[in-house]
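Hello,

Here is the model we talked about handing over. Please open it first, then read my notes below.

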Amino acid sequence: MAYTGTPSPVGPIGSQYCVCKVELSVCGQNLLDRDVTSKSDPFCVLFMEVNGKWVELDRTETAVNNLNPAFSKKFIVDYHFEEVQKLKFALFDQDKSSMQLYEHDFLGEFSCTLGMIVSSKKITRTLLLGNGKPAGKGMITIAAQELSDNRVITLSMAGRKLDKKDLFGKSDPFLEFYKPGDDGKWMLVHRTEVIKYTLDPVWKPFTVPLVSLCDGDVEKLIKVMCYDYDSDGGHDFIGEFQTSVARMCEAQDAFPLELECINPKKQKKKKNYKNSGIIIVKSCKITRDFSFLDYILGGCQLMFTVGIDFTASNGNPRDPSSLHYINPMGTNEYLSAIWAVGQIIQDYDSDKMFPALGFGAQLPPDWKVSHEFAINFNPTNPFCSGVEGIVQAYSACLPHIRFYGPTNFSPIVNHVARFAAQATQQEAASQYFILLIITDGVISDMDETRHAVVQASKLPMSIIIVGVGNADFAAMEFLDGDSRVLRSHTGEEAVRDIVQFVPFRDFRNAPKETLAKAVLAELPQQVVQYFKHQNLPPINSEPA
């Protein structure tokens, strides 16, 4: 479960949805030396306990030949005040290029809660081996910082006439960026890639949170150090300089900022020493990296629609074996799915009026089959008041319709897509549409549905499908583009993955909030992805 891009929240998304992200910086001291001819090459892996199991969240880079590493890669974790979030930091000595942890030597671990780190801001603890004994003199230091500032800085850097450090050939330069820590020491923030065999490097542009680089203070001095990379970890110092983000922001595409790279030892020794090369800030831009919560706080409404499968394969609703049979407890799998998803999403819709549609049934009085009908039998006003209103309309309509077929999804997908398309005319991040389809089985109009989903992927819209009963849901897995990009029958690709499929049977015996977590886990990411793709900031956002 290593995260890619923006980590999706592990906790529930509702009124308790994580308001803040916490950045964790990790350093090791006096680590065990597992290598015979050189020092260990440590990296750190962060695990979080999810449902009683340790799940890997992320890992740092590897520090070559270093028993006292300061890792530049930070861990970013969603902080939930109302949950006990157990974390485990495990250090390994990299031996092979394998991603499998058992292939690397274990250097020790430390477990605690996120609350413990946050309340102390910085903790240093002994590393333990699997048997609970100390890992030599090994220690770990973890520092926490709230990432409430959503500004990010993108820097494009280059060098010119850097000092030559290799006897045979040129230097292999890279840069390290430092900010002053609370203890007065410089703290590593970012390390660029190495550019081989050149004294005039051009590094790839990189983006880091402004809080990481300068604690959000653009006037704060930061230190940039330039090194020549050596594979044995003994990198040669080329030079350094101090600057601030405000100064670097003076750089424009046509007017780069040039800063002298100084080696203080050479400066003292040589009278005519000028510099050890020039570091060029080609461009420096500050923007905002908006989160799901930024969009919600900015006034974006989540527009919720339910689509319910009334095809004959569900069974007669008066028969206890039917999926639409309402048991003495007043529920069934359809109602459980409506409650699980609806009770969370309704917090994000101010008027709480939700259209509830049915498909696959014959309707009175002429008993024609319909694939998009209002379950309250009011086609001009299919809205139900709150989740309770949907539940009441559902129970009331069951005796008045005849279950039939086929199972066509595309009419309901296209129905919601029409409203989503209207919302795009506002050119603002004001509405995002969520369609919950609850079904018992195989789709009859797969080609049309694939086409409808591919078109909907261009709109502010997501589709959640909950499969009830014990049918084969292979076609639903196909629509959920987690493993491959969905294509329409014409070959057109979906611009983003907007379908989340979950079989209800996996959650029959689980606490009800686990179904909501599973179906809504990808939603915040999908909302942010859509508005970013359209270059739409939250409605009430400030400029960076």
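A disulfide here is a pair of cysteine sulfur atoms within 2.5 Å. By that rule, the count is 0 disulfides. Cys-226 is in none; the nearest cysteine sulfur belongs to Cys-261 and lies 4.8 Å away. Cys-397 is in none either; its nearest cysteine sulfur, from Cys-384, is 9.6 Å away.

Cys-226 is buried, at 1% relative accessible area. Cys-397 is also buried, at 0%. Buried means under 20% relative accessible area, exposed over 50%, and partly exposed in between (1.4 Å probe, protein chains only).

Some ground rules. This is a predicted model: local features need pLDDT of at least 70, side-chain atom pairs count only at pLDDT 80 or more, and totals for chains, interfaces and linings use all residues. Residues are numbered from 1 along each chain as its sequence is written, and side-chain values use heavy atoms, with hydrogens and water left out.

Now the sheet. Four strands form an open sheet, ordered β11-β10-β13-β14, with antiparallel pairing. Strands are DSSP runs (E, at least two residues), numbered from the N terminus; two of them pair if DSSP finds at least two bridges between them. The edge strands are β11 (186–191) and β14 (236–244), each pairing on one side only. The twist averages 30° from one strand to the next, with axes as lines fitted to C-alpha atoms and angles running from 0 to 180 degrees between N-to-C directions.

Within the sheet, β10 (residues 173–180) pairs with β13 (residues 221–228) in the antiparallel sense, over 6 bridges. Cys-226 turns up again here: in β13, it is the bridge partner of Leu-175.

Best wishes
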